[in-house]
Amino acid sequence: MTTDVAARAMRAPTVWRRLLAGHAAPVATVVLLILFVWYLAAIALNAPRVQDQWKLSGASGTTGDLIAATWSMERPVLPTPTQIGAELYKTVFVEPVTSKRSLVYHASVTASSTLVGFALGSLLGVLLAVGIVHIRTLDRSLMPWIIASQTIPILAIAPMIIVVLGNIGFTGLLPKSIISMYLCFFPIAIGMVKGLRSPDPLQLDLMRSYSAVRHQVFWKLRWPASVPFLFASLKVAIAISLVGAIVGELPTGAQAGLGARLLTGSYYGQTVQIWAALVMAAVLGASLVYLVALIERIVLGRMGMRR
Amino acid sequence: MARKASLKVVSGQERTADESAIEICDLSLIFATADAPIIALSNIDLSIKRGEFVSLIGPSGCGKTTLMRVIADLEHQTEGAITVNGVSPQEARLARAYGYVFQAPALFAWRNVLRNVTLPLEIMGMAREERLRRAAKYLEMVGLNGFERKFPWQLSGGMQQRVSIARALSFEPQMLLMDEPFGALDEITRDHLNEHLIRLWEQTRKTVVFVTHSISEAVFLSTKIVVMSPRPGRIMEVIESNLPAKRTLDIRETPDFLAVAQRVREALRAGHSYDD
């Protein structure tokens, strides 16, 4: 009996401690805190509008009624997580995927231009890095331009890219991908320059002692040595590639894509729709980064570099 | 026909006996730096015969490694002449005349032990079966058979350095250049690898140039010890050691060994002052 109680007393804190030691408890605490603040903020931000409406229609109600009303407005200043969740459920699971009201459809449109832009940007970034590492003139001349290119606000240059490409007959996916590429080649170029220069001098001397020619030094030493750097850059690049695709959807008149969804939402004051599209974009971004991380684990594992 | 063949053999033997592996004449190397030029090597004269085991010993900054790098065509002299196997260091390098073992193993982290050893063979375009045969042979020689599939980070420092030795041997160069290969290892491992190395040299009789800080290591391994001194890097003395060719670690207790070690120590002291 006594031992049983003692055992239970021992066990209880261990379970609690284990929860605290893992990720679950801290993450749950933060989520609860955010939700709590969110609902409070929804009351504070939406209440004036509800009161205005009540004044116009001559209605009135208790504080409880007021809170309920602020949490269920059709076009709130700040929608509640419940409303956003309901909108997400409707647009992801209820609407058919082919429908223009389906978020899955819009997400897939954005994802395809993200992926094309990411592929183009990766290729451009790697090629630039290879050039910079191997050709002295490029090292000196190219880097300032690469850095300068990133100081131009993408919002300013995106419409111009769309218009120019539209004039020479490119519409739809390609212009958006070009904007994605414009953003995402940068971290890849920077990361790969560092990666391709990462072999230590002894390893380079070793290759010289074998009289290895340039392409052998590249494929057998520089390229494999740069793979961890490549994946670090790819994870950054795919996230900003998504940003590029969404920004690219804004000035196109926006027929489809998460950017279009954001734009129409803001035209018609559909804040719930905007928030749902934002959540979808976040989920899409997280999945893409996770996917790259997964490929990284597999590739580095095969190369014997995972420890 | 038979006479012709025997003649050929004789002349071949004569050539190996006569020909020197490395011939250095009045060689200097000056590094231009921002403030003052550094004289890394000054008026070096050295002659190394085929099959000799030569140690370069001296304090840090005496140019041992630089001299080795000049031999390997990783550095170029400012003045003087050098031939390796009768040709310029560059031609010797292009002919893959030497295997270089660095202070650090410099293994490729993404290649397992086997593929690290076959790296130079791949670069030289050797067929796959031959690569595997060579790798097996030399991994056996350094006592690492069974570790083919391991990656460098799974091995101890001593084992990694043995892999790098197998890698240098794999393409069967006439000459081994070893730059403090055991410098980073503990003394027990070092003794063990020294014994290994001297066995290897007895078997293959390759020309070895060996850089070290350790007097006992130099005397134990070498047929010739080159004592160097810093600022400017120069040769103080060349000591021929006539210790028996068959050596075990016990030899380090014999009077002959201690006498040679004493000569090396005196030469080092003569060239080294702590004042500057």
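Author: Start with strand E5 (residues 98–101) of chain B, which pairs with E6(B) in the parallel sense over four bridges. This is a predicted model, where local features need pLDDT of at least 70, side-chain atom pairs count only at pLDDT 80 or more, and totals for chains, interfaces and linings use all residues. Residues are numbered from 1 along each chain as its sequence is written, chains are lettered from A and ligands numbered from 1 in the order in which they are written, and side-chain values use heavy atoms, leaving out hydrogens and water.

Reader: What makes E5(B) and E6(B) a pair?

Author: Two strands pair if DSSP finds at least two bridges between them. Here there are four, so they pair. In one of them, B:Tyr100 has B:Leu177 as its partner.

Reader: And which strand do five bridges join to E6(B)?

Author: That's E7 (residues 207–212) of chain B, running parallel, with B:Met178 opposite B:Phe210. The chain gets from E6(B) to E7(B) through helix H7 (residues 187–204) of chain B.

Reader: How covered is strand E6 of chain B?

Author: Mostly: five of its five residues (175–179) are buried, meaning under 20% relative accessible area, with exposed over 50% and partly exposed in between (1.4 Å probe, protein chains only). B:Leu176 and B:Met178 point one way, and B:Met175, B:Leu177 and B:Asp179 the other.

Reader: Why does A:Tyr290 count as exposed?

Author: Its relative accessibility is 57%, and the cut-off is over 50%, so A:Tyr290 is exposed. A:Tyr290 lies in helix H12 (residues 271–302) of chain A.

Methods: Helix = DSSP H or I, 4+ residues; strand = E, 2+ residues; numbered from the N terminus. Right-handed = clockwise from strand over helix to strand, strands pointing away.
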